[in-house]
Amino acid sequence: MDLRVEPWQRPAHHPSGREAAVLLVVFAADEVLTGLDLTGVVPATAPVDALDVRLHRHAENPEWVDGFRSGPLRSLAERELRDLRLLDEATCCYSIQVRVPDPADLAHLQLAWAVAAAASRAGATAVLDVFAHDWSLAASIAGLDPHRPFTVLREISVVAESEESPGFGHAVHTRGMLKFGRPDLVMGVPGDRIGEAAEILNQLARMLADGHDLKPGQQLRIDGERTLTVVPYAPDDRIPDVRLIGDGLLITS
């Protein structure tokens, strides 16, 4: 039986000149990673030379650690983790970062999650996917199968802002497309079209994860009926600032 871990492929990949990056922050009650053996859990193409794993002790750098468990991220953790003691009782955390030129496969993501899984099995309590703004219980990360298929919705978030902006509507947008070396996507829609917009963004996110690229001026045919246009995302008096990490594209009708 062949037990090699296959890289997540990007069948439509064309180099964009951008950088793909992933940053995971793993909270723990105490130091848990004393070594790291990735044998048999990452693809052969995994960019291990680009892997940057660092321990951050709260006693030495409280602002850095607390920055990930306060403010909006804390509110998000309260909804997704339920038990904030998983964060509050942590004395340290690990940052797991990989940055690579627009890659032909997604082995850099598999590498980062493999390290997070190792830390989770060793006793970590919670994991934050920083660019996607997504919290996970360490117990769920510990059990990640290295041979699992790629799922774009596991790597990004699609967010609908509750506040409607006059002349724009509700901002519906992705978070985490930087992980594929692609811009995040934004749409403005009425409240009754939020679900439809989220579905469109999910489909476009999958295309970009596969390696496609979108450029300003490009037109997209949706459902064989409507045409959407890609323009630069530039917040102003009408277009709300959703505080993306990295660049964005606005999808307009």
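Residues are numbered from 1 along each chain as its sequence is written. Because the model is predicted, local features need pLDDT of at least 70 and side-chain atom pairs count only at pLDDT 80 or more, while totals for chains, interfaces and linings use all residues; side-chain values use heavy atoms, with hydrogens and water left out.

**The core**

Let's start inside. A nonpolar core here is a set of buried Ala, Val, Leu, Ile, Met, Phe, Trp, Tyr and Cys residues joined through side-chain atoms within 4.5 Å. Buried means under 20% relative accessible area, exposed means over 50%, and partly exposed is in between (1.4 Å probe, protein chains only). The largest such core has 55 residues, and Val26, Ala116, Phe180, Leu185 and Met187 touch the most other members. Helix α4 (residues 107–121) supplies the largest share of this core, 10 residues. Helices (H or I, at least four residues) and strands (E, at least two) are DSSP runs, numbered from the N terminus. Another core lies apart from that one, with 20 residues that include Ala21, Phe68, Leu73 and Ala90.

What does valine 26 touch once neighbours within four places in sequence are left aside? Its contacts (heavy atoms within 4.5 Å) are Cys92, Cys93, Tyr94, Ile96, Ala116, Ala119, Ala124, Ala126 and Val127.

**Aromatic rings**

Rings of Phe, Tyr and Trp (its six-membered ring) pair if their centres lie within 6.5 Å; planes under 30 degrees apart count as stacked, over 60 as edge-to-face and the rest as tilted. That rule gives four aromatic pairs, and two of them are set out here.

| Pair | Centre distance | Plane angle | Type |
|---|---|---|---|
| Phe27 and Trp135 | 5.8 Å | 40 degrees | tilted |
| Phe150 and Phe180 | 6.0 Å | 85 degrees | edge-to-face |

Phenylalanine 27 sits in strand β1 (residues 19–28) and tryptophan 135 in strand β5 (residues 134–137), so this pair ties together parts that are 108 residues apart in sequence. Both phenylalanine 27 and tryptophan 135 are buried.

The other pair links two loops: phenylalanine 150 is between α5 (138–142) and α6 (152–155), phenylalanine 180 is between β7 (169–175) and β8 (184–189), and the parts tied together are 30 residues apart in sequence. Phenylalanine 150 counts as buried at 13% relative accessibility, and phenylalanine 180 does at 0%.

**The largest pocket**

On a 1 Å grid over the protein atoms alone, a pocket is an open set of points where a 1.4 Å probe fits, with protein on both sides within 12 Å along at least five of seven lines; lining residues have an atom within 4 Å of a point. Grid points are joined across faces, edges and corners, and a volume is the space filled by probe spheres set on the points. The largest pocket holds about 610 Å³ of space. Its lining has 22 residues, with His133, Val159, Glu161, Arg175 and Val242 nearest the centre. The elements giving two or more residues are α2 (71–80), β6 (157–165) and β7, and β6 gives the most, with seven.

**Two strand residues**

Serine 165 is in strand β6 and is buried, at 16% relative accessible area. Leaving aside neighbours within four places in sequence, serine 165 is in contact with Arg238 and Pro240.

Glutamine 219 is in strand β9 (residues 219–222) and is exposed, at 57%. Not counting residues up to four places away in sequence, glutamine 219 touches Thr227, Leu228 and Thr229.
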